[in-house]
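Trainee: Could we go through this model together, one feature at a time?
Mentor: Gladly, let's look at it.

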Amino acid sequence: MSQYILTIDAGTTSERAILFDHDAQIKEIVQKDINQIYPHPGWVEHDPNEIWSTQLNTLKELMVRKKLEAEAIAAIGITNQRETTIVWDRNTGEPVYNAIVWQDRRTADYCESLKEKGLLESIQNKTGLLLDAYFSASKIRWILDNVDGAQQKAERGDLAFGTVDSWIIWQLTQGEVHVSDVSNSSRTMLFNIHSLEWDEELLSIFNIPKKMLPIVKSSSEIVGYTSLLGGQIPIGGVAGDQQAALFGHMCVSPGMCKNTYGTGCFAMLNTGEKIVKSKNMLLSTIAWKIGNRVTYALEGSIFIGGAIVQWLRDNLKIIDTAPEIETLALSVDSSDGVVFVPGFVGLGAPHWDPYSTGTLIGLTRGTENGHIARAALEAIALQSMEVLQTMAEDSGIEISQLHVDGGASLNNLLMQLQADLSRLSIVRPVVNETTAMGAAFLAGLAVKFWSDETELMQYWKQDASFHPSDSDYDQVKTNWFKGVERSKGWNKK
Ligand code: ADP
């Protein structure tokens with residue numbers, strides 16, 4: 001009798017294997033970092049062979065540590081860094097170039113040139129995405145343009161493209177299966193989120209041969225089997241990391257919303273069967289497909305969330321560890337007019353200003369470290385507040401409750417600030433590994449390890465909740481909006 005679901009979490013900085021039992025309790029985690037390759041400013045790559053060998057090692061180590069036979073695993077679920085682009089040779093299985101990571105900006109000018117051709121509107125209508133270098137299409141184009149003979153090989157059908165899920169499934173099945181799921185496909189900028197097909201017109205704009213592309217599956221079905229861990233284990237669930245987190249929170253009804261407070265913040269609102277087109281530069285995306293039902297979501301990404309805390313720790317050195325920020329911020333009653341706009345890498349949703357820089361403003365002779373710490377936490381919550389407000393405006397959905405996860409969600413002061421600023425209730429789960437849990441749920445459903453979503457709901461357990469208090473943050477908000485305006489465009493030549 002199979003007792004476990006094994007999740008693969010192929011993240012941006014590490015590969016992890018996580019074992020869940022039938023009560024959705026984590027029984028083991030094995031994590032190994034992968035190298036970040038920065039060949040030029042603005043370029044970020046990973047070695048696809050390293051991604052795979054590291055991932056396989058985590059899986060094998062977990063099986064050994066827990067003394068498991070393959071029969072103990074009911075299914076494997078996969079969640080992954082999204083948009084990251086891998087092109088490999090179908091005949092040899094060798095990548096033709098490093099993985100170009102979602103953060104990589106090398107194709108920004110190319111995307112700009114497509115905007116100048118007036119393609120933004122039609123691309124947004126078909127894919128729900130903004131015309132930006134983050135998504136896979138321009139990265140594939142770059143590889144086909146820059147690797148000798150790649151375009152011809154692709155046209156002959158000798159090359160395969162995949163996001164990281166696709167690459168891992170190809171490896172797990174030893175080259176038998178070339179698939180992806182709808183949530184990952186919806187981030188490539190080649191996938192029509194209305195028709196759920198690769199879009200001929202987009203393929204032609206980017207000049208990408210259809211033969212390269214994986215077959216698109218739902219997020220919860222058996223897509224293949226692996227025999228690399230002993231006997232045969234089905235691969236049953238696949239979703240991009242943010243979508244998996246939404247599912248892990250069991251935000252399965254329209255109007256349910258989650259925000260992940262990691263390095264950046266990623267908010268996602270379930271919009272049900274409806275594709276909500278954003279007027280405010282949010283993304284419309286596929287959350288998941290289970291059976292024949294497709295669920296859509298609105299997404300807003302904030303580039304710097306918990307990373308502002310890292311910056312105070314590593315650069316200003318006013319704290320030794322990230323959690324210390326809470327004590328420091330509580331040493332004062334307010335941020336006392338200090339505003340910290342963390343535009344270190346530009347601003348993401350809803351501003352999308354690549355020329356913004358970090359801006360610390362409102363300083364006086366009375367300003368202390370505590371005020372800066374508090375302004376930093378407020379900045380995480382204020383940015384999230386803006387994204388959540390925008391989501392509500394775009395969708396017409398009133399968001400009353402927010403599910404949270406990620407390292408910085410453990411900060412109680414930050415969560416209370418979020419409840420006060422956004423005037424909504426916040427619920428934080430016991431299991432903070434919501435992303436991995438979502439992938440486990442999708443895989444478990446596919447093999448009837450769990451029967452349905454109603455059963456899964458009982459496994460989401462609340463750790464804490466936060467509700468709006470009487471505190472007045474009107475001045476903080478006013479200062480923030482002024483600060484954001486000062487920060488915007490700062491780097492523009
Ligand atoms: P990621 O998955 O993006 O690597 P994590 O979910 O592991 O991120 O969260 C790590 C981030 O959260 C770091 O940027 C760190 O500074 C921040 N962080 C961790 N603990 C706290 C805390 N108690 N308060 C505020 N920020 C925190």
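Trainee: Where is the place of Pro350?
Mentor: Pro350 sits in the loop between strand 19 (339-342) and strand 20 (358-361); strands here are DSSP E runs of at least two residues, helices are H or I runs of at least four, and both are numbered from the N terminus. The peptide bond from Ala349 to Pro350 is cis, with omega near -5°. This is a predicted model, where local features need pLDDT of at least 70, side-chain atom pairs count only at pLDDT 80 or more, and totals for chains, interfaces and linings use all residues. Residues are numbered from 1 along each chain as its sequence is written, and side-chain values use heavy atoms, leaving out hydrogens and water.

Trainee: Why is Ala24 called buried?
Mentor: Buried means under 20% relative accessible area (exposed is over 50%, partly exposed in between, with a 1.4 Å probe and protein chains only). Ala24 has 2%, so Ala24 counts as buried. Ala24 lies in the loop between strand 2 (14-20) and strand 3 (26-33), and has a positive phi of about 60° although it is not a glycine.

Trainee: What makes helix 9 and helix 14 roughly perpendicular?
Mentor: Their axes, lines fitted to C-alpha atoms over the stretch in contact, with angles from 0 to 180 degrees between N-to-C directions, cross at roughly 75° and come within 6 Å. Roughly perpendicular covers 65 to 115 degrees (under 35 is roughly parallel, over 145 roughly antiparallel, the rest oblique). Helix 9 and helix 14 are therefore roughly perpendicular.
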